[in-house]
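Welcome! Try each task before you read its solution.

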Amino acid sequence: MYSSNSIFESIPEAPEDAVFGIQRQCSTDEHEMKLDLSVGAYRTEEGKPWILPVVKKAELKLMEIGLNHEYLPIEGNKRFSSLAANLILGDAFYNANTRRIVSVQALSGTGAVRLGAEFACKWFRNCVVYISNPTWVNHKNIFNTLGIKVRTYRYWNAKTFSINFEGMKQDLRDAPDGCLVVLHACAHNPTGTDPTQSQWVELSKIFKEKSHIPFFDSSYQGFATGDLDKDAFPIRYFASQGHEMFIAQSFAKNMGLYGERVGAFTAITTNARSFTAIKTQLCRLIRANYSNPPRFGAAVAEMVLGDPALFQEWKLCLKSMAERLQLLREKLYDTLILKKTPGDWSHILRQIGLFCYTGITAKQVEHLVTRFHIYLIPNGRISLAGLSAKTIPYLVDSLHAVIVEPS
Ligand SMILES: Cc1ncc(COP(=O)(O)O)c(C=O)c1O
C-alpha cells in the first residue's frame, strides 16, 4: 500500500539547537552533582524556577476579575504593548512621541526579533544585516531562516576579555550605508559586557553618519544593573538623538514569564505619517504567521506594568534577582582565586547580568560535560542562574581540574 519512496527521504536531519540540546542532554543525566549552566533562566538557591511573587499576585487578581478566551486583536494587547514601549523609552520620550512609536505584542523576545527581521526583509530590500561577534545563538538563525545572510561586526577581544570597541566602530564605519544593525541593549549575551555610556554616544554618532538602523534587542532590562532605567540607557539615548529604530523586548527573564512568550516589538519613525503604514504592515505579517498572540502572559505583564503598587513591587523583585546574580558572580570569582585556578578571572567581576563568559575552550567545556556532568554551551558561557552558593565549589573544582589536568 505504501511506496518505499518517501517525499521526505532527501531531507537531512537538522542539528540540535545549541542551548536546548544541552538542556535535554542534562535532563537525562542522573548524576547527583550535575549542573545545568546552559539555559539563561533564573533559578532559586535550591535550583528551582522562581515565580515572582508580584506575578503570582497579578495572576490571582486576573483570576478574580475572570478572563475569557476570546481572540486578541492581531496586534495583541494594546495596553500591554504601550506600557512595554513606555517602560523601555521612559515617560518623557514616550509621552511626547506617541504618534511616532508603533508597538505590537510579540511572541517574547525571539518573536519580536523575528517580526522586525521579517519587516526589514520585506520593506528594506537588499538591506545588509549586522550582528555582533559573538552574539546570542539565535540571531543568525532568525535572519538566515528568512533567507537573509548576516555579517558580523567585531565585539569581543578574547585576549583582554573586554569589548573590542575600536574594531566594532571600524566595522560599522566600513559597512555599506543604511545597514540594519542588531545591538544588545544591556547584559550582552554571551559576553556580559556592554559599551559604556560614552561609547554608546560615539556609536550613535556613527549610526547617524552611516544612516544605519539600530535594532535593539532588549531581553534583560532590569537584570543588568537591577535598575530598569539604567538598563534602558542606550535605547533612550538613541531615541533622544532622533534615530529611526527597532526594539525587540522580552519579559521572559525580567518577569520570569519564559514559557508564556510575552514580548513586544516597537518601531520608532521620525515621521508620524508612517505610523499607520508600519502598524498595518506589522499586523499583516502577524496575521500570516500566527494570526494573533496569546492573552494570558500579556495580561499578567499589563497588570504588573500598569498598577503602580505592583510595579514598585516588581522593581524590588528585579533588584533582588540582579543582586543575587552579582553575589554568585563574586563568590565564583573568590572561589577560583582561593583555589588558585590558573588564569586571571577578573573579567568575571567586570561582566554583568545573567551570564559569565569564562574564556574556557570548547575542549574544556567538553571535559566539564563528560567528566563532571556540568553542562554549558561550547563557547564557555555560564548561566550564573544555574549556580548556587552550594554548587560553586563543585564547579570551581571541576574547572580547576579541566584546566590543570586536561586529559
Ligand atoms: C539576546 C537575547 N535575545 C533574545 C532572547 C529571546 O528570549 P525569549 O524569546 O525567551 O524572550 C534571548 C534569550 O536568551 C537573548 O539572550
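## Exercise 1: the ligand and its pocket

Task: find where the ligand sits.

Solution. The ligand sits in the largest pocket. A pocket is an open set of points on a 1 Å grid over the protein atoms alone where a 1.4 Å probe fits, with protein on both sides within 12 Å along at least five of seven lines; a molecule sits in it if more than half of its atoms lie within 2 Å of its grid points.

Before going on, note that this is a predicted model: local features need pLDDT of at least 70, side-chain atom pairs count only at pLDDT 80 or more, and totals for chains, interfaces and linings use all residues. Residues are numbered from 1 along each chain as its sequence is written, and side-chain values use heavy atoms, leaving out hydrogens and water.

## Exercise 2: helix α13

Task: why does the span of helix α13 agree with its number of residues?

Solution. Helix α13 covers residues 308–339, which is 32 residues. At 1.5 Å a residue these should span 46 Å, and the end C-alpha atoms are 47 Å apart, so the two agree. The expected span is 1.5 Å times one less than the number of residues. At the N-terminal end, D307 caps α13, with a side-chain oxygen 2.9 Å from the backbone nitrogen of A309. After α13 comes K340, with a positive phi near 60°.

How values were computed
On a 1 Å grid over the protein atoms alone, a cavity is a set of points where a 1.4 Å probe fits but cannot get out, and a pocket is an open set with protein on both sides within 12 Å along at least five of seven lines; lining residues have an atom within 4 Å of a point. Helices (H or I, at least four residues) and strands (E, at least two) are DSSP runs, numbered from the N terminus. A polar contact is a pair of N or O atoms within 3.5 Å; within protein, one must be able to donate a hydrogen and the other to accept it, and residues adjacent in sequence count only if both atoms are side-chain atoms.
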